[in-house]
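Thank you all for making time this morning. I would like to walk you through one structure, taking the overall figures before the details.

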Amino acid sequence: MRFLISFIFLLVTICIKAQSYNFINYTPKDGLAGSTVYTMCQDKDGFMWFGTENGLSRFDGTHFKNFTIKDGLPDNEVIKVYPDSKGRVWIGTFSKEICYYYAGKIYNTHNNSLLKDLKLDNNIEGIYESSYQYICISTRKKIILITPQDSILRYNKSSIYFDGTIDGSAFEFYGKIRFGIISYFAFDFNPKNGVWQKIYLNKSGKKKNYTPDFAQLLYDSISDSYLTTKSPDRVLSGSPGSIFFSPKAKYINTVNGAWLVDTIHLKLSEKILDGIKISQSIEDNEGNTWFASLGSGIYKLASLNIKTLLYDKERKKRREVFSIVKHNHELIIGNNNSQFFIIDSSLKPQLKNLHLLMKPIIPYFIENKLYSMVNMSPGETVFGFDGCVGKYSNQQYKFKYLGGPVKSVEKINDSSFIAGTGFYAFKIRLKDLAVTDTIWRERCTKVFYNNGNYYIGTLAGLYEVKEDKSYYYLGNLHPILTRRIMDIKKDHNGVLWVSTSDKGIIGIKDRKIVKIIDDSIGLSSNNAKTLFVKNNYLWVGTNNGICKVNIANNTSNEIVKYSMSDGLPSNNINALYVDDSMVWVGSPEGLTYFREKDIAGSSMCNLKLTEVTVAGTQIPLDSSYKLHYKNNDIRFEYAGISFRSGGELTYYYRLNGLNGNWETTDENILDYKTLPPGNYKLELYAVNKYGVKSNTITISISVDAPFWKTLWFYTLVTLTIIGVLVYVLNRRNKKTQQKLEESNRLQKQFAALEQQALQSQMNPHFIFNCLNSIQQYVLTNNTEKANLYLTEFAYLIRQTLHISSQKTITLKEEIEYLTRYINMELMRFGNNFTYSIQTKNITNTSLIEIPSLLIQPFVENSLRHGIRHLTNRQGKIEIEFSLHNHTLLCHVKDNGVGRVQAEKFKSSRHIEYQSKGMKLTEKRIELLNTLSEKKILLTVTDLKDNNNVPAGTLVELIIPL
C-alpha cells in the first residue's frame, strides 16, 4: 500500500513556478575591470561605459577596454560616468576629481585647462547635460555648470539660498534644469536668463508642475518611499539615477534585485535579479537593458519577451531539455532522470516522474534522458529513453527494454514505428511494443521513414534501406553524407533535410542534391543538432544558436539567427518546436519560448576606430597619417558596436595602393608591418550577424620614401649616371675619333703617296710611248714631223708634269690636255682616226674640278689597243662630258677591235710593250674612293654590231662633284 501511494505520488502532476528572464552576466572573467559597478552609460558612438572599483571599462559588445591611473584617470574608483553631445564621456572618481575621455585620450587637470579650473569640494553626486548643452556637475553642497562655450558657472548654498543636501543628478523639466534637494523642495535653473527658482514639495508626494508618473517616482526616491506601495526592498541609492525609464519598462533598483514597474497602474509588477545589489539600469540604442551590480558585474537583458521555464528553485539550476513534441493541445518536454514535463496553455509546467514505473525493466542505473519523441496520433506519443522505448496514451504508460539507449524514434504508420538504438534499428508494433523486424544491425544516430524506405543515420553517414534489407550508401552522393548524422526532416515538397555534426545540412530528393546549407552561406555553425520544418522555413538548432532558413527558393541564402545576444539562455540547442504563435527551444538551460514578432527589434552596427599605434607608440586618432620610412609599421584597433550580435561581426577591409581586393576578418586589429614607401587608402567596415552594414572608415596613409628612393634622388642619380656615361662615352668617342682620324690621316697619306707613286708610274709610261713615236719619225727620216712632234711632246711633258703635281684640275684643263695628247697621237698614227670632245649641260668648264690625269689613260687605251689594230675601217674616238645633279658623266667611246681581240694582241707582244695605264687608273680610282664618301663609278662596256661582232669599247665614268 505504501509503495502504491508513493508510486501514485510520483505520477501526479507537480507544479513548478518556473519562469525567468535570460541575462548575460559580464564579470572580470570576461574582461570587466571590476565586479562592483557603480555607474554606466552609453556614449554618442554606441560604446557602453562602466565605472568600477578597479577602473573604467569600455565595451563594444565583444571586447572590454579598461582604463586606469596609467591611462590618465585621477583615481581607479569611478563613481560616475556621463556622455555629452560633443562625444566626451565625463568621468567622476572617488578622489573628488573629474576628467573626460575624448577621441582615444583621457583629459584631466594636468593636460586640460578647463578641467584644471574645476575644483570640487566633495564627491560627485551627478553629471548631466541639458538640451541647451549645459554640463551640470553636482556635489552634496555645490553646483557647477559648464556652458556650451566651456565657461564655468559655480553655485553654492549662499548663492542660490538653499538648505539641505543636493540629491543625485539633475534632470530637465520644461526647458529648465532641476536639482533635487533632500528637504521637500527643488531648484530650477533657467539657461535662457540664468535665474534660479525654488520649487516647494509637500509630503503627500504631489509636486507642483511635475508630470504625474515621473514626478511621483522622483519624489518617492528622495523620500525613500516608492509609488503608492512602498518597495519591499530598500532602494540602493536615493538618487533619481536609481530609477530607469524607457518606453517599454521602468525599473527601481534595490539591494535585492530590480523591480519592474507597472507605469499604468503605478505599482511594482515583477522582480528580477533577485538577491543582486543593483546600482543602476539603462537601455541602449538596440533595446537591450543593462543592470549594474555591486559585486556581481554587469547583467544584460536582451528582451523581456524571451522567457525560460523549468527552473528548479530549490537546486537553483535549470532542467536540461532534450526533446519537444506536441501531444493533443499540450507540449511534452523531454527531461532526464526518467522525467518529462507537460506544458499547457497556462504555461505552467507539470512534471511527470516515471522512475519507479521504468525501474523494473531497466537493469542498471542510468540518467535515462528522454532523447527522442514522436507523436503517433493525437492521443499517443512514443518515447525514446536512455534505457528503453515507451508509449504514452490516455495517462497510461508502457515500456520495453531494447538492450541499449534509444537515440531516435520515427513513425512508419499508425500501427508501427522505427527505433534507432546504440546497437540496432528495430521495427516495433505500437500496440504492444513488440519488435517485428530488425532493419539495421549497427549503431544508429538517427532513423527516418519515407515512402517505403528507411533512412539510417550513423557515425559514418546515411544509408537508404529497402524493405528487403538491401541498402544504398547515400555517402556516394556527396561527402557531407559521410559524416555523423544528427537529424532528418521532410518538407512539404518531399525534400529530406539531413543535418550533420560538422558539415552543415544537405537537402536530397530522389537521390539528388537539392541544396547545401553551411557556415559559408551564414549558418551559425556546421554542427546542426536538430531540425524543424515549418511552412517554407527550416529551423536549425546548432551549438551556436538558432537559424531560420528560407527553403522556399533553393537559391536563396536568407538566414535569420537567434542566440544568447537576443535573449536565449544558451546557444547549445537540443530541440526545437515551432507552432503558429510560439517558438519553443530546448537547451541545457531549460525550455525557452518566445514569439518571433516580439523580439524582432532594430539592430545597429557602428564602426569606430579606437586606437592607432605607429612603431609601438600610440598616436592621436585622425583620418590621415604620414609615416617616416624608418617607422613604417602601423597598427589599427577598431570596434564594431552591435550588442545584439554577441560578437558575431565580420570586418571587411582593403588597403588601396598595396592590395585593392576586399578581405575579411573577425579580429578587431589590422597590423601592417613595414609598409613600402607610397600613398595608401585604408577602407574598413563591419557587418553584424543580421547583415546590417556599418559606416565605412577611410584612412589615408603616406609613407615617406628614404632620400635614396625619392624622385629628386632618382633624378640626381640618373642625371649623374647620364653625365658620367656621356663623359665616358665622349672621352671614348674622342679617343676613338682621334684614332680614326689618325688612321684616316695615315690612310690618306698612304693613299696620296700611293697615288703619287701610280702617277709617277704613269708619267714614265707616257714618256716612253712618246719617245717611241719620236724614234719612229727619226728612223723614217721624217725630220720635220719629228721636230714638230718633239715640240708638242716637250710642251705636253711640261703640262703633264704640272698636272701630275695637282690632286685636281678643272674640266677645261682636262679637255685642253686631252686635245693636245690626242693631236700628238693623231700625228703618230698618221691621221688614221678621228675624234671629238663635247660638253652638255655645262656652261663653264672652269668651275668644275676633277681628279687630274683621270681620263687620259682611257683615251690612250682606246688608241693603242682598240683603234691601232683596225684594218677595215677608220678609227674614231668620241669623248663627251655632261652634268647631271652635281655629277659629271664622262663617256669615252671608240670603234676599235674590242677588249677580247686587244688581249690577244697584247699577249703576242713583248712584256715591255704592254700598257699598264688602264690598270693603274682603276687602282687609282679605288684609292680615290677610300679617301672620299662620294665614290667614282667606272663602267667598261664591250660594244657589238648587229651581227654580234665586236665594234669597240665604251668607258663610262661617273664623277661626283
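Predicted model: local features only at pLDDT ≥ 70, side-chain atom pairs only at ≥ 80, totals over all residues.

Residues are numbered from 1 along each chain as its sequence is written, and side-chain values use heavy atoms, with hydrogens and water left out.

Let me begin with the totals. The protein has 12 helices and 72 strands, where helices (H or I, at least four residues) and strands (E, at least two) are DSSP runs numbered from the N terminus. Of its 961 residues, 50% count as buried, and here buried means under 20% relative accessible area, exposed means over 50%, and partly exposed lies in between, with a 1.4 Å probe and protein chains only. The protein exposes about 45900 Å², of which carbon and sulfur atoms supply 50%; accessible areas come from the Shrake-Rupley method with a 1.4 Å probe, and for residues only the protein chains shown count as cover. If we take contacts (heavy atoms within 4.5 Å) between residues at least 6 apart in sequence, 52% of them join residues at least 24 apart.

Now to the salt bridges. With a salt bridge defined as a side-chain nitrogen of Lys or Arg within 4 Å of a carboxyl oxygen of Asp or Glu, the count comes to 28. One of them joins the side chains of Lys86 and Asp150, at 4.0 Å from N to O. This pair links distant parts of the chain, 64 residues apart, since Lys86 sits in the loop between β8 (78–83) and β9 (89–93) and Asp150 in the loop between β14 (142–146) and β15 (152–156). Lys86 is partly exposed, because its relative accessible area is 34%, and Asp150 also counts as partly exposed, at 34% relative accessibility. Together with Asp84 and Arg88, these two residues are linked in a network of salt bridges.

A second example is Lys534 with Asp580, whose side chains meet at 3.1 Å, N to O. Lys534 lies in strand β50 (residues 528–534) and Asp580 in the loop between β54 (575–578) and β55 (583–587), so the pair ties together parts that are 46 residues apart in sequence. At 22% relative accessibility Lys534 counts as partly exposed, whereas Asp580, at 74%, counts as exposed.

Which residues does Val435 contact, leaving aside its neighbours within four places in sequence? They are Lys400, Leu402, Phe426, Lys427 and Ile428. Val435 itself lies in strand β41 (residues 435–440), and it is partly exposed because its relative accessibility is 35%.

Last, the surface patches, which are made of residues with over 30% relative accessible area and no salt bridge, like charges being joined within 9 Å and nonpolar side chains (Val, Leu, Ile, Met, Phe, Trp, Tyr) within 5 Å. Phe707, Trp708, Trp712 and Leu716 make a nonpolar patch of about 460 Å². Leu716 belongs to helix α7 (residues 711–779) and is partly exposed, at 46% relative accessibility. Lys734 is found in helix α7 too, and it counts as exposed because its relative accessibility is 56%. Lys734 gathers with Arg731, Lys735 and Lys739 in a surface patch of positive charge, where Lys and Arg count as positive and Asp and Glu as negative, His and the chain ends not being counted, and the place of a charge is taken as NZ of Lys, CZ of Arg, CG of Asp or CD of Glu.
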